[in-house]
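Good morning, and thank you for coming. Please look at the sequence and the model as they come up on the screen.

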Amino acid sequence: MSVFLSSAPSLIEALIKTASAYPSTRATPSEFVKAVSVRAFALGLTDKELTLFLKKQTASHPGLSELLANRSASRRLISSCRAAARSSSPAAAAENSLKTARLTLGRILSPVPMVTMWTEPSEDGAETEPVLVPALTAARQIRARGTMAILCVEILKSIQDEKGWNTLMVSRKWLALRMNVTVITVRAALDDLVAMGWITELGGQRPDSAKRYKIGGKLTREQGHVIDNPHLFTAVGSLAGLNDEPAQTAIVTRSVTHTSWTYGDDPLTFKKWLVTLAHAAGVDPVQLGVPARSMTPVRKALTLAGLTLSDGLRIGDDNHVMDRLNEWGHRTGSFTQASGAREAYKAQAAERTAELNRVREGRAKAKKDLEKAFGPVGLIPAVDAPVDRRNAWLKGAAQALSREPIIEDRRKALQYELTRRLKTRGYKGDVVIRLVEHLLSHAPALLAEEAIPASTEEPAVKQQWLQGAAAAVSGRVMRSTERDAFSDEIFRKLRRRGYEKTKAQQLSGLILGEVHLAEAA
């Protein structure tokens, strides 16, 4: 009987996903327990369910069983996690919203920290002198403030939904779409925010995956002095969604996600957004990184967009800022351009999802096939087994792999599964790489690139090869994903042999003409 009988399978799957993000190679037992416990309590699991789940992870997490055996220490740790989970829940939404809004406005409306730099020595040998300069250049300051505001808007949405989470999983590609910049620019902006302590990057994610961020910590004395100005009290509450009073500062802050700032034939840019925000908040934009020399052209551009900066704290007349941005978006085509970018993003995401599913499917099949051919992982001789036993297994495994030609996708899946199995038996580093290379060298390619005649060869030679290649795959049964992967492989190899794109596509189709698709299970 399942130990999680009282919980929905989806909740347990979510907990398993969190646990998999904290492997023993990257997280200590304490870090693992913290991550899993906070997630478990946020999902509404009981202490008993959490404890049973953690005990099931002891085999894959050395040191975890010792931590759990120390009942007083483990109870204190889990108790602190329960409190942390409550702070990221619907019950704490109002408090978290207010805190996030206050931290965000306090930081983006305050000067960045100053750092000491030393002047270059003069020609006459005079000593260098220390000089205080902003930690970020003007352009990086503007970019950081715009990025911070976008994260704030999205985190507030997360806090105020049914789960009440005060953290945000951020994909660099998603943020690049929102900002209309490259992924490299997004990475640099996030790194700047983390370095200044404006946001916190939470651990546990793989290096190439989306990362989770939180707007936390405390304001500095200077930041607190800025945000505690009486006329910003309403703005903080309005941004947090805790009052219905209109506050221009909150409206402009939330408008950072409007496409008119970043898309269109004449995007207004984050610089103009920051000037608008600073004016609404009664802060000097030059102190926030906007060069003084650019203020005149910025004001002219904002006036052209209907966002006239008046002498008071309000922007123009009583018309809503969003109305002006909508009008500008229609005039400059920002809505159309942003829509096109979103569709391209969705298409790329769909392709990436299909690719991941194909890889997972291939690895699952490789695992099943190796289990059938080699038996359980435990049958692989351990790293400290006698040499003759290891050599005998290696010979048999190579023979098993040599029986059937494989496509490149299949080779990658086998490489992954063989690597995993050998590591489980204690093999490490270069030894694993050499063993896997040796084994897979015995697996022939279904379509060897070196056998493909160059595009400059005689037609008779190419025709003979084509007939042989088609005969070699004729009658084979492949899954649709496998067939598509093989088609891409043939195309790439033909292109590397000098064939034009159209010709490579044509030949690929001819070779795969007699391949049968496996029926869906």
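Which residues of the largest nonpolar core touch the most other members? They are Leu-105, Ile-108, Leu-109, Leu-175, Leu-193, Ile-199 and Trp-273, in a core of 68 residues. A nonpolar core here is a set of buried Ala, Val, Leu, Ile, Met, Phe, Trp, Tyr and Cys residues joined through side-chain atoms within 4.5 Å, where buried means under 20% relative accessible area, exposed over 50% and partly exposed in between, with a 1.4 Å probe and protein chains only.

On provenance: this is a predicted model, in which local features need pLDDT of at least 70 and side-chain atom pairs pLDDT 80 or more, while totals for chains, interfaces and linings use all residues. Residues are numbered from 1 along each chain as its sequence is written, and side-chain values use heavy atoms, without hydrogens or water.

Helix α7 (residues 138–159) supplies the largest share of this core, eleven residues; helices are DSSP runs of H or I, at least four residues, numbered from the N terminus. Ile-108 is in contact (heavy atoms within 4.5 Å) with Arg-145, Met-148, Trp-198, Trp-273, Leu-274, Leu-277 and Leu-288, leaving aside residues up to four places away in sequence.

I turn now to Thr-419, in helix α18 (residues 408–424). Thr-419 counts as partly exposed because its relative accessibility is 23%. Beyond four places in sequence, Thr-419 touches Val-432 and Val-436. The C-alpha atoms of Thr-419 and Val-436 are 6.6 Å apart, although 17 residues separate the two in sequence.

Notes. Helices (H or I, at least four residues) and strands (E, at least two) are DSSP runs, numbered from the N terminus.
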